[in-house]
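This briefing covers a helix pair and a sheet with its packed helices. Please look at the sequence and the structure first.

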Amino acid sequence: MKKTERLNGIIYALKERGKMTASELAELFEVSLRTIYRDIDALGQLKVPIYTYEGVHGGYEIDMKYFMPSIRLTQDEIIMLLMVLAYGERIKMPGLTGDYQILKGKVIHALTDIDQDKIEKLMKHIVFSSHRVEPGHYETDVLKPILESFLNACNLEMAYYNPRRDSYAFRKISPQTLFFEEGGWYLSAYCHLREEKRIFRLDRIRSLKVNAQENHYLDKDIVSSSDKFTVTHYVLSIEAPLYRVLKDNDYFSNVVVLTDEEGLEAGYKKTDSNCIFIKFSTRYKEDILNIVLNNPQAITLIAPHEFKAEVMEKAKALFVKYV
């Protein structure tokens, strides 16, 4: 983040939140206390009316009458941008917390004081949920080397935390895809230690640096049995009423409903006259496992056969445990 942007961000933050300590500002913009002290001094030299309070309840406060020119936006545009920013904060883009705060401050600054109160109350009633994974912390510098590795088609070296073993492994990887899934950020890469494609959670990367060696796997199609996001093709026999309930879920986004004749020609056996055959592909294996196990009377898994075996093993384990 450029110094000018951070200085503006401090002004916006103080106008929005009122008095803040140097530690709070440092955490917000992901910089050191020394940097915040220098920034406050620079704002003072620019004649920005920031007041300093010392002691236990000290901190920095800006004169609320201080005016900064802002872009002209309609109220609907401001609400739309704040909703987008709220979602952006929810997905926790690594190392960009301060940038979100700066942009949010710019948007809010375009409102009058009365409108600010109304919009802030409105935003408290709008909630975004990113399910399944709640990353606690991303290293501040984790994103920059990843982006650099894609720009220059080179490898990365990292220290990666394994929670099962409570230990760290040092690996050289060739990145392929950076993506957000199930509430967290992931990096798909060829692992030179395991000699296969692996998926790494960014919140488990403790250190990361660019390796100048060329990435020969950047655009290669690598299939891995350990990839939890591998697309799998499924065929189900499902009761029509239940399908109408579930069909809008993302794992059914590309579903094809077969006619009875098409299903029988393919060798599928119909278990009930109220059932339909559906074919689809999805990465959400756990979701399919859950709906099959939770609806044994309404759903019959037809394919793939290896997944049928996995469902049977899960069912047996549950039976043995709770019988």
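In this predicted model, strand E9 and strand E10 (residues 275–282) form an antiparallel pair over three bridges. Within that pairing, Val257 has Ile278 of E10 as its bridge partner. The points below set out the sheet, the helices packed on it, and a separate topic, the contact between two helices.

**The sheet**
- The sheet is open and has four strands, in the order E9-E10-E8-E11, with antiparallel pairing.
- Strand E9 (256–258) and strand E11 (299–303) are the edge strands; each has a single partner strand, so one side of each lacks a neighbour in the sheet.
- On average, neighbouring strands of this sheet are turned by 30° against each other, with direction ignored.

**Helices on the sheet**
- Helix H10 (residues 285–294) packs on the sheet and touches strand E8 (232–239), E10 and E11.
- The direction of H10 makes about 25° with that of E8.
- Helix H11 (residues 305–322) also packs on the sheet, where it touches E8 and E11.
- The direction of H11 makes about 135° with that of E11.

**The contact of H2 with H3**
- Two packed helices are described by the angle between their axes and the distance between the axes.
- The axes of helix H2 (residues 22–29) and helix H3 (residues 33–45) cross at roughly 105° and come within 9 Å.
- H2 and H3 are therefore roughly perpendicular to each other.
- Ala22, Ser23, Leu25 and Ala26 of H2 make the contact with Leu33, Ile36 and Tyr37 of H3.
- Of the residues in this contact, six are nonpolar, one is polar and none is charged.

Terms used: Residues numbered from 1 in each chain as written. Predicted model: local features only at pLDDT ≥ 70, side-chain atom pairs only at ≥ 80, totals over all residues. Heavy atoms only, no water. Axes fitted to C-alpha atoms, helices over the stretch in contact; angles between N-to-C directions. Parallel < 35°, antiparallel > 145°, perpendicular 65-115°, else oblique. Contact = heavy atoms within 4.5 Å. Nonpolar A, V, L, I, M, F, W, Y, C, P; charged D, E, K, R; others polar. Pairing = 2+ DSSP bridges.
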